[in-house]
Amino acid sequence: MSPSPSRAELLARLRQGRTWDVIIIGGGASGLGAAVDAAARGYATLLLERGDYACGTSSRSTKLIHGGVRYLRQGDLALVRHALLERSRLLTNAGHLVHARPFVIPAHNAMQRLFYGSGLKLYDLLAGASNLPSSRLLDRRQTLAALPGLRPQGISGGIEYWDGQFDDARLAIALMRTAGHLGATCLNYLPVGGLLKAGDKVCGVVAEDGESGESFELPARVVINATGVYADAVRRFEQAGAAPVLTPSQGIHLVLDAEFLPGETALLIPETADGRVMFAIPWLGKVLLGTTDTPRDDLPEEPQPFADEVDFLLQTAAGVLARAPQRSDVRSAFAGLRPLLHPEHQGQGGTASLSREHAVLVSPGGLVTVAGGKWTTYRLMAEQVVDRAAQVGGLAPVPCTTARLKLHASPGELLATGPGQAVRLHPELELSQDAVRFACRHEAARRIEDVLARRSRALFLDAAAAMACIDPVGAILAEELQWSAPQLAAMQARARQYAGQFRLG
Ligand SMILES: Cc1cc2nc3c(=O)[nH]c(=O)nc-3n(C[C@H](O)[C@H](O)[C@H](O)COP(=O)(O)OP(=O)(O)OC[C@H]3O[C@@H](n4cnc5c(N)ncnc54)[C@H](O)[C@@H]3O)c2cc1C
């Protein structure tokens, strides 16, 4: 494998005094997608992420590449159709990271089967010539066979449909590596603290190396703001009084052992007590339970589940699963903030009814913001924001090429030890010494929690097991990144504190 550029080599590129065609602020789905798109068009592209790649919302999703069955109910057919087209593209272009997953909606009577069955036929129709099987009605026996963890009382049948499932943080790392291979420069731990201006026009960014404190003034023909729920804060770097475009909302997930929902089929409860949907989904050997929708405007970098959100998911699960999960069964709990478009842009109502549609906005000074959206539609968002950025920056027009672009794969995709490979660091986790070294050398892992939360998903799967790996992972990183003993101790302490947020108190 060709060597990946080191952080020192990437930082040296920032000192060359060049003017970048495009600078992208934010290394989540939106920013990384834009970096791949811009680099694939041949633009000189720089992406700066203040924390780790996908440390925000983009590692905390439900991990579905989907049209969004619930948006059907909201009548948002265009959103569903676009998302289903992107689902099909991702299954083709990132088959190593996105796979098909069957879902079953249990029904309690014939009316429900008819209602959900016809809704899912519409979903099939909107998917067009999709690469996934069509939906079908199941009788009671088939439903209980598909969902052996389901509480059988009152079940008369079900409806099976298919959607895409993925590992969100791994897809982000694949995008970062794809962008790098296409010539982009991507740096994590490099926060942008302000914008450069020529008169009223935005012409670059001011950024600081979060590790050394070195500061940079980086000129660009156009700057893209892809900072998720922080997009309004970055827009205010230009205009202190800029009106908000986002109404963030928190969603949480709980992770349980596979025994709570054995098998390969996911469960969708289409209407919970408060009118939302709830999923229980097999994921990497565990079951993911989610999600909630709680308006939140304080925007902490590390949001935590609220107690009532945890209770809500456990109570809803207890009503539908044969074995009711308790707090003590939760292996990991995590929260993310949805960057939903403000009602002014998207109609009225609570955050659960806001559309996951996205918008590309250009400020008076030419800052191009991509706001809202879903992981599923990151490529479409990237195409649209780079089209607009090229106009704003006066770049030579080049058509988007990402609809057929295969995304980068790490060897073996990769952190699973697999048969015959190196020894696991923990019996409950598929994480090996080699994988930690690879994460460091080729995937820009800089901290222990980068490895445990995003290069592997250990913290998301089993927080206690992941915490037991802090010392061995720290020892490897110390060797790779030449940390001193006090630096290692500080990194371990930081990782312990970080990991604590994944455990229910
Ligand atoms: C609970 C939940 C479930 C979801 N489930 C799904 C799903 O199943 N399928 C789906 O398609 N979508 C899902 N989504 C939506 C999807 O996760 C988001 O739309 C997507 O991840 C947003 O990506 P982003 O890049 O816009 O934001 P983020 O991932 O938050 O990235 C923004 C980045 O900008 C960085 N940043 C901020 N300020 C600065 C600065 N000054 N300098 C440098 N960097 C900065 C942040 O550190 C962050 O990493 C879900 C969302 C939530 C919350």
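The model is predicted. The domain assignment of the protein lists domain 1 (7–57 + 170–245 + 343–404), domain 2 (98–165 + 247–338) and domain 3 (424–500). A ligand is present, with 38 residues around it, and its shell draws at least three residues from each of domain 1 and domain 2.

**Domains**

- Domain 1 is assigned the segments 7–57, 170–245 and 343–404, while domain 2 is assigned 98–165 and 247–338.
- Domain 3 is given as 424–500.
- Between the C-alpha centres of domain 1 and domain 2 there is a distance of 33 Å.
- Contact between these two domains involves 7 residues of domain 1 and 10 residues of domain 2.
- On the side of domain 1 that touches domain 2, there are 5 nonpolar and 2 polar residues, with no charged residues.

**Surroundings of the ligand**

- Among the 38 residues around the ligand, those that come nearest are Gly26, Gly28, Gly56, Gly228 and Gly251.
- Helix 2 (29–40) contributes at least two residues to the shell around the ligand, and strand 16 (332–338) likewise contributes at least two.
- By class, the shell around the ligand consists of 14 nonpolar, 18 polar and 6 charged residues.

**Helix 2 with helix 7**

- Helix 2, which also supplies residues to the ligand shell, packs with helix 7 (residues 168–181) at an angle of about 25°, and the two axes are 9 Å apart.
- Because this angle is under 35 degrees, helix 2 counts as roughly parallel to helix 7.
- Helix 2 and helix 7 form a left-handed crossing.
- From helix 2, the contact involves Ala29, Leu32, Gly33, Ala35, Val36 and Ala39; these meet Ala172, Leu175, Met176, Thr178 and Ala179 of helix 7.
- The contact of helix 2 with helix 7 comprises 9 nonpolar and 2 polar residues, and no charged residues.

**Helix 16 with helix 17**

- Helix 16 (residues 470–481) packs with helix 17 (residues 485–500) at an angle of about 140°, with the axes 10 Å apart.
- Helix 16 and helix 17 are therefore oblique to each other.
- The crossing in which helix 16 passes helix 17 is right-handed.
- On the helix 16 side, Ile470, Asp471, Gly474 and Ala478 take part; their partners in helix 17 are Leu488, Met491, Gln492, Ala495, Arg496 and Ala499.
- In the contact of helix 16 with helix 17 there are 6 nonpolar, 2 polar and 2 charged residues.

**Helix 12 with helix 16**

- Helix 16 also packs with helix 12 (residues 433–442): their axes come within 10 Å and cross at roughly 40°.
- This arrangement is therefore oblique for helix 12 and helix 16.
- Helix 12 passes helix 16 in a crossing that is right-handed.
- Gln433, Val436, Arg437, Cys440 and Arg441 of helix 12 meet Val473, Ile476, Leu477, Glu480 and Leu481 of helix 16.
- The residues in the contact of helix 12 with helix 16 are 6 nonpolar, 1 polar and 3 charged.

**Backbone features**

- Most residues other than glycine have a negative phi, and most peptide bonds are trans.
- Gly290 and Thr291 are joined by a cis peptide bond, with omega of about 10°.
- Thr291 lies in the loop between strand 14 (286–290) and strand 15 (294–295).
- Lys63 is not a glycine, yet it has a positive phi of about 65°.
- The loop between strand 2 (45–48) and strand 3 (64–65) is where Lys63 is found.

Conventions: Residues are numbered from 1 along each chain as its sequence is written. This is a predicted model: local features need pLDDT of at least 70, side-chain atom pairs count only at pLDDT 80 or more; totals for chains, interfaces and linings use all residues. A residue is near a molecule or strand if its C-beta atom, placed from the backbone, lies within 6 Å of it. Helices (H or I, at least four residues) and strands (E, at least two) are DSSP runs, numbered from the N terminus. Ala, Val, Leu, Ile, Met, Phe, Trp, Tyr, Cys and Pro count as nonpolar, Asp, Glu, Lys and Arg as charged, and the others, Gly among them, as polar. Domain bounds come from an automatic or database domain assignment. Axes are lines fitted to C-alpha atoms, for helices over the stretch in contact, and angles run from 0 to 180 degrees between N-to-C directions. Angles under 35 degrees count as roughly parallel, over 145 as roughly antiparallel, 65 to 115 as roughly perpendicular and the rest as oblique. A crossing is left-handed if the near helix is turned anticlockwise from the far one by less than a right angle, and right-handed if clockwise.
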